[in-house]
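Please keep the sequence and the model at hand while reading.

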Amino acid sequence: MKINEHFLDLKDSYLFATVGRKTAAYKAAHPEKEVIRLSIGDVTLPLAPVVIEAMHKAVDDMAHKETFKGYGPDQYCYGYDVLIDSIKGNYARKGVSLQSSEIFISDGAKSDCGNILDIFSTDNVVLVPDPVYPVYLDTNVMAGRKIIFADANEQNGFLPMPDESMKADIIYICSPNNPTGAAYSREQLKVWVDYAKKMDAVILYDAAYEHFVTDSHLARSIYEVEGAKECAIELCSYSKTAGFTGVRCGYTIVPEALVRGGVSLNKLWARRQSTKFNGVSYITQMGAAAVFTEEGERQIEENLNYYRRNAKIIADCLDELGIWYTGGKNSPYIWLKCPNGMKSWEFFDYLLENAQVVGTPGSGFGENGEGFFRLTAFGTEENTKKACERIRALLHQSS
Ligand code: PLP
């Protein structure tokens, strides 16, 4: 018996563990101080009432012989028509037309980010941005693929563009981005689509934060770009859109037009799913189907606006202090340049000790994250305001 030795190539992820340990140690040493976490990557507002109502009704369906449901329908890898149709509607509002067979319901974007790799050879070269959402990196390390990096930095606004000297087969794009909050325009994505086609590569486009986009020139789906259906798979989630982090539901789009080596990737993915997956629960799917209804959209917008206001509070504070950042708009993340040339962990300690505010050091997301820092808009409005007052007072003083 041999283990998959590629697992031994994984770097230990100390980031969130160290943030937690340092925060706990500070609290233990200063029990009288109130520490505010602007490092939260999880949603904090409850599910929308329409979702709760739909899930309650679905639970009742399960209680009666006439309406009870077992495994989901075979036709679309266990996705119910009502949910698939609502997702089609969501895309149609972005000007994108999808067929039901192109929509695969998942238990979230993270699982499918990893699972989708089953349909690609381990010989492929993978291009990920630096800094990066660690899942893209680690899932490929586990499979032993060669990984190359696209430099995201202050010069390109943390939105790297393709460079034809980079030969890649699988390309990860996350927009709006975690951790940087930066989001691509349709024109920029068109350049990526053209590059992918030239390389005969496939783009894995993570649109987990697409519902935060408000600027009309920014893309909410890669399929808003002409030609993307021939080169891109899109991964989406109800997690940040509708607060489903604890419920678990997402969807992956594999267009019928996506063919490599004469083989339909849609058919490969359908085969993979029907072999290794038995679908998302009926109750969850019914809750998700309520999200993209007229009333559902209205209710989730209320929650999204709450987070957007928090992001603006943080962005306004940084503007006032003259601190460079990306995100803060079209994203729940704010990625800032640490003041006075501080390194990421140095700024973490400085902020914790002097303002009792916790963020996430950018260096934990890759080499290019050194000297940068991530704040999030997922806290309460009250705490976000309070944290910004403290940051303002501290950094005004030090400048
Ligand atoms: N993709 C990105 C970029 C994320 O930041 C996250 C969660 O933080 C996910 C995917 C995972 O989403 P899900 O909860 O649907 O698994």
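Which residue stands opposite Ile170 in strand 5? In this predicted model, the residue that stands opposite Ile170 is Val126, and the two elements concerned, strand 3 (residues 125-130) and strand 5, run parallel and are joined by 2 bridges.

Strand 5 itself spans residues 170-174 and is mostly covered, with 5 of its 5 residues buried.

Together with helix 6 (residues 186-199), strand 5 and strand 6 make a right-handed β-α-β unit. Strand 6 is in turn joined to strand 7 (residues 232-237), with Leu235 of strand 7 as the bridge partner of Asp206.

| Strand pair | Sense | Bridges |
|---|---|---|
| strand 3 and strand 5 | parallel | 2 bridges |
| strand 6 and strand 7 | parallel | 4 bridges |

These strands belong to an open sheet of 7 strands, which has the order 2-8-7-6-5-3-4 and mixed pairing. Strand 2 (103-106) and strand 4 (146-151) stand at its edges with a single partner strand each, so one side of each has no neighbour in the sheet. On average, and with direction ignored, neighbouring strands of this sheet are turned by 20° against each other. Helix 8 (residues 265-276) packs on the sheet, where it touches strand 2, strand 6 and strand 8 (250-253), and its direction makes about 30° with that of strand 2.

Methods
Residues are numbered from 1 along each chain as its sequence is written. This is a predicted model: local features need pLDDT of at least 70, side-chain atom pairs count only at pLDDT 80 or more; totals for chains, interfaces and linings use all residues. Side-chain values use heavy atoms; hydrogens and water are left out. Buried means under 20% relative accessible area, exposed over 50%, partly exposed in between (1.4 Å probe, protein chains only). Two strands pair if DSSP finds at least two bridges between them. A crossover is right-handed if, with the strands pointing away from the viewer, the path from the first strand over the helix to the second runs clockwise. Axes are lines fitted to C-alpha atoms, for helices over the stretch in contact, and angles run from 0 to 180 degrees between N-to-C directions. Contact means heavy atoms within 4.5 Å.
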